[in-house]
Amino acid sequence: MNTKLHYKGPVVLVILDGFGLSDNLVGNAVKPAHKPNLDQLMSRYPMLKIRASGTAVGLTADQAGNSEVGHYIMGVGQIVKQALPIVDEAFATGKIFAGKTWRDAIRNVLEHQAKLHFIGCFSDGRVHADINHLFKMIARADREGVQTIRIHAILDGRDVSPRTEPKYINLTEAFLQSFNERGRDYHIASGGGRQFTTMDRYWSDPKMLKRALSAHVYGMARPFHSALEALETFRREELELDDQWTPIFIIAGDDKQPIGKMAEHDTVINYNFRADRAIQFSELMTLPNDQFPYFDRGKLPKVYYAGMVEYDQTLHLPGNTLVEHVEVKGTLAELEVRNGRKRYVISETVKFGHVTFYFNGNKDDKFNERLEEYVEVPNKTGEPWQFPWMRSDDITDKVIEQIKAGDFQSILINYPNGDMVGHESHMDASIIAVEALDLALGRLMTAIDEAGGVLVVTADHGNIEEEYYLDEKGQPIIKDGQILRKTSHTTNPVPFIIYDNTDNRDKYVMKTGDHFGLSNIAATMALLDGLEPLAKWDEPLIELK
C-alpha cells in the first residue's frame with residue numbers, strides 16, 4: 001500500500017440492527033419516515049448495497065441473515081460456515097447420530113428407563129431452530145428404543161409469521177400420533193412464547209428463565225389437556241396475543257399431574273443451533289450454584305444435558321454437544337488492539353453481546369482490558385413498540401462524550417431499534433424507530449465533523465424495511481380481515497456508507513459491484529484505521545489511491 005489513512009478523530013462503525021434496503025413502498029417503514037440525515041448519507045456519500053444473508057454470510061442459500069451471524073461475519077472478516085448448514089449436513093450424513101453425545105444421551109435414557117426431553121424454538125424459521133431437526137431426532141430415538149419423549153415447545157411467531165403456531169402444534173401432534181399408535185409415549189409437555197419464557201438474551205430478563213424453570217423443569221404452570229387448547233384459551237383471553245408472548249403452560253394427565261416434569265437421570269436436548277437465546281437455559285440447567293447468581297433454582301434434578309452446538313466457546317457450555325462448531329481466530333477487534341488502538345464499544349443489553357462476544361469472534365472476554373471499554377446500556381422495560389426510540393438518545397449521548405474527549409480511536413455502536421421494533425411489525429412504531437435512528441446519526445455526523453473523524457454506517461441484516469407480507473402485485477396479503485404482518489428478518493441487502501469530510505476522502509475510492517457482503521467490512525475498517533488487513537480476510541470495499 002502506498003497510502004495509509006490517518007484521522008485526527010475516531011473511526012466510528014455504526015450498525016443499524018435490522019435495517020435493510022428495499023424499493024417496495026408498501027410495508028416499508030424506512031420510506032415514509034422523516035430521515036433527512038439518512039437521505040443525505042445515502043445520496044451524497046459513497047454507498048454500496050451489500051449482502052447480509054444466505055451464502056454471503058455462511059448460511060444456506062436464501063436464508064435470511066440474523067444479528068448473531070451478521071456481527072460475527074463483520075468481526076472475523078471472512079465467510080465462515082454457520083451452525084445451520086453444519087447442522088443440516090450432520091443430519092444429512094447421519095454424523096449427528098454417530099457422535100458420542102447422541103449415543104451417551106440415548107444410553108442414559110435406556111439404562112435408567114428415563115424420559116428424553118427436547119426443548120427449543122417451535123417452528124421452521126431456521127434462525128434459532130428447525131422443527132424438522134426435532135422430528136428427525138424423535139424418529140431416530142424411536143428406532144433406538146426410547147419409550148418416553150417430552151417436548152417443551154417455545155412458541156415462535158417471530159422468525160415465522162405471527163399467530164401461525166397452531167400449524168406447528170398440529171403438525172407435531174400428527175407426527176407423534178404415529179409413534180403413540182405403536183405404544184410409544186411421545187407428547188408435548190410444556191410451552192410458552194419465546195419473548196415470555198426460556199429464550200432470553202444476555203440475561204436481560206431473568207424472570208423469563210424463572211418461568212422456564214417452573215414450567216419445563218418442575219411442571220408448575222397453568223395446566224391444559226393439549227398445547228392447542230392452551231394457545232386457543234390464551235388467545236380468547238387476550239385477543240391480540242401473538243405467539244411469541246404466550247404465557248407458560250403445562251400439559252397435565254388424567255391424574256392432573258404434569259406429564260413433563262424433569263426427573264433424575266432424564267436426558268434433555270436443547271435443539272436450538274443459535275447460541276444467544278440458548279445459552280441462558282443451558283446455564284440454568286448445568287452451572288453449579290456458586291456460578292449461578294440469578295435466583296434460587298431449588299433442588300434441580302441431575303439430568304444429562306446436551307445442546308445442538310456449543311453455545312459458549314469460551315466456557316465450553318454446554319459440555320455435551322451434538323455438532324461441533326467452527327472456531328475462527330483473527331478478528332478486527334484483535335487487530336485494532338494489537339496495534340494499540342483504543343476501542344469503545346456500546347449497545348443496549350439486548351444487543352450488547354453482539355458487539356462484544358459475536359463481533360469478537362465468539363470470544364467472551366476483552367482482548368486488552370486497558371485498551372477496551374465495553375458499555376452496556378440497560379433496556380427499557382416493556383415491549384419495544386411502546387418506546388420505539390429505545391435508548392438511542394442515551395447511547396448517542398455517551399458516544400458524543402467520548403468523541404469530544406478524544407480518548408478512543410475506534411468506536412463500535414449498535415442501535416437495536418430496526419430489529420427489535422421491526423420484529424413486532426407495528427408500522428407507526430417502526431417509522432418512529434427509523435426517525436429516532438436518523439436523529440442519532442445526525443448528532444453523530446456533527447460530532448464526527450468537529451473531531452475530524454470518519455463515520456461508517458451499515459447493518460447486520462434486514463427487517464424494518466419489510467413489515468408486511470406482499471402478494472405478487474406488491475400489495476399486503478390480507479388474512480382474516482387483517483394485514484399479514486411480517487415479523488421475521490429479510491434477505492434484502494443492507495447499506496454500507498462512509499461519511500468522511502476530511503482530507504482523507506481524496507485518498508481512496510469506493511469499489512463497485514453487487515457481490516460484496518458483510519465479510520468485506522473488517523478489511524475496510526482496518527484500512528480506515530490505518531492498518532494492514534489480515535491476508536485471510538475478504539477484500540476491502542475501498543481502494544487506496
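Trainee: How many salt bridges does a search of the whole structure find?

Mentor: The search finds 29 salt bridges. The term means a side-chain nitrogen of Lys or Arg within 4 Å of a carboxyl oxygen of Asp or Glu. Before we go on: this is a predicted model, where local features need pLDDT of at least 70, side-chain atom pairs count only at pLDDT 80 or more, and totals for chains, interfaces and linings use all residues. Residues are numbered from 1 along each chain as its sequence is written, and side-chain values use heavy atoms, leaving out hydrogens and water.

Trainee: Okay, which residue does Asp 276 meet in a salt bridge?

Mentor: Arg 201, at 3.0 Å from N to O. That pair links distant parts of the chain, 75 residues apart: Asp 276 is in the loop between β8 (267-270) and α10 (279-286), and Arg 201 is in the loop between β5 (185-193) and α8 (206-217). Helices (H or I, at least four residues) and strands (E, at least two) are DSSP runs, numbered from the N terminus.

Trainee: Is Asp 276 buried or exposed?

Mentor: Buried, because its relative accessible area is 1%. Buried means under 20% relative accessible area, exposed means over 50%, and partly exposed is in between (1.4 Å probe, protein chains only). Arg 201 is at 4%, so Arg 201 counts as buried too.

Trainee: New topic: aromatics. How many aromatic pairs are there?

Mentor: The whole-structure search gives 15. Rings of Phe, Tyr and Trp (its six-membered ring) pair if their centres lie within 6.5 Å; planes under 30 degrees apart count as stacked, over 60 as edge-to-face and the rest as tilted. Tyr 45 and Tyr 499 have ring centres 4.8 Å apart and planes at 55 degrees, so that pair is tilted.

Trainee: Where do Tyr 45 and Tyr 499 sit?

Mentor: Tyr 45 is in the loop between α1 (36-44) and β2 (47-50), while Tyr 499 is in strand β16 (residues 494-499), 454 residues apart. Tyr 45 and Tyr 499 are both buried. Phe 97 and Trp 102 pair edge-to-face, at 5.0 Å centre to centre and 70 degrees between the planes. Trp 102 counts as buried because its relative accessibility is 0%.

Trainee: Which residues form an aromatic cluster?

Mentor: Phe 135, Phe 175, Phe 179 and Tyr 186 form one.

Trainee: Now the backbone. What kind of peptide bond joins Leu 317 and Pro 318?

Mentor: A cis one, with omega about -10 degrees. Pro 318 is in the loop between β9 (304-307) and α11 (332-338). Most peptide bonds are trans, and most residues other than glycine have a negative phi.

Trainee: What about the phi of Asp 62?

Mentor: Positive, about 70 degrees, although Asp 62 is not a glycine. Asp 62 lies in the loop between β2 and α2 (67-76), and Asp 62 counts as exposed because its relative accessibility is 72%.
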